[in-house]
Amino acid sequence: QLVESGGGLVQAGGSLRLSCAASEGSFRRYAMGWFRQAPGKEREFVAAFSRSGGNTYYADSVKDRFTISRDSAKNTVYLQMNSLKPEDTAVYYCAASSLTLSTRINEYDYWGQGTQVTVSS
């Protein structure tokens, strides 16, 4: 089970931190990723953490602005979003993949319900 939180309304240039609470032991079994879906657009990859925790990968559109991290003791994955832009407005989803690391939507097995992020200009 994946439960996201932390979304909201923020002005352009601001920051938000999203959280994704996972079941105990999830990080040993799954790579964790963040995806987003804007109105009228397809869901797209944002960032991912490998199952080992040693590797991260980011979409070019968020590189150097977003940071994915995790707290194994809390079974929680975070997405720190800085320098937010109006084009970052979307529903953000946390997901888990049984692969070592993936950026592909169809390779993720479990999804959270999503949390809305709205960036005003």
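# A tour of the salt bridges, disulfide and rings

Start by selecting Arg-36 and Asp-88: these two form a salt bridge (a side-chain nitrogen of Lys or Arg within 4 Å of a carboxyl oxygen of Asp or Glu), and their closest N and O atoms are 2.9 Å apart. The pair brings together distant parts of the chain: Arg-36 is in strand S4 (residues 31-37), while Asp-88 is in the loop between strand S8 (76-81) and S9, 52 residues apart. Strands (E, at least two residues) and helices (H or I, at least four) are DSSP runs, numbered from the N terminus.

Before moving on, know what you are looking at: this is a predicted model, in which local features need pLDDT of at least 70 and side-chain atom pairs count only at pLDDT 80 or more, while totals for chains, interfaces and linings use all residues. Residues are numbered from 1 along each chain as its sequence is written, and side-chain values use heavy atoms, with hydrogens and water left out.

**Stop 1: the rest of the network**

Are Arg-36 and Asp-88 buried or exposed? Both are buried, where buried means under 20% relative accessible area, exposed over 50%, and partly exposed in between (1.4 Å probe, protein chains only). For Arg-36 the relative accessibility is 6%.

Glu-44 is partly exposed, because its relative accessible area is 35%.

Arg-65 and Asp-88 are both buried.

With these four residues selected, you can see a network of salt bridges linking Arg-36, Glu-44, Arg-65 and Asp-88. The structure has four salt bridges. As background, side chains of opposite charge can pair when their charged atoms come close.

**Stop 2: the disulfide**

Next, select Cys-20 and Cys-94 and show their side chains. They form a disulfide (a pair of cysteine sulfur atoms within 2.5 Å), with the sulfur atoms 2.1 Å apart. Cys-20 is in strand S3 (residues 16-21) and Cys-94 in strand S9 (residues 90-97), so to speak two distant parts of the chain, 74 residues apart. Look along the S-S bond: its torsion is about -75°, so the disulfide is left-handed. Cys-20 is buried, because its relative accessible area is 0%, and Cys-94 is buried with a value of 0%. The structure has one disulfide.

**Stop 3: Met-81 and its surroundings**

Select Met-81, which lies in strand S8. Its relative accessibility is 0%, so Met-81 counts as buried. Which residues is Met-81 in contact with, leaving aside its neighbours within four places in sequence? They are Gly-14, Ser-15, Leu-16, Leu-18, Arg-65, Phe-66, Tyr-92 and Val-117, where contact means heavy atoms within 4.5 Å.

**Stop 4**

Select Ser-26, found in helix H1 (residues 26-29). A polar atom of the Ser-26 side chain lies 2.6 Å from the backbone oxygen of Ser-23. Ser-26 counts as buried, because its relative accessibility is 7%.

**Stop 4: the aromatic rings**

How many aromatic pairs does a search of the whole structure find? The search finds seven. Rings of Phe, Tyr and Trp (its six-membered ring) pair if their centres lie within 6.5 Å; planes under 30 degrees apart count as stacked, over 60 as edge-to-face and the rest as tilted.

Select Phe-45 and Tyr-57. Their ring centres are 6.0 Å apart and the planes are at 35°, so the pair is tilted. Phe-45 is in strand S5 (residues 44-49) and Tyr-57 in strand S6, 12 residues apart. Phe-45 is buried at 13%, whereas Tyr-57 is partly exposed at 44%.

Then select Tyr-93 and Trp-111. Here the centres are 6.4 Å apart with the planes at 80°, so the pair is edge-to-face. Tyr-93 belongs to strand S9 and Trp-111 to strand S10 (residues 110-111), so the pair ties together parts 18 residues apart in sequence.

Conventions
Polar contact = N/O pair within 3.5 Å; in protein donor to acceptor, adjacent residues only side chain to side chain.
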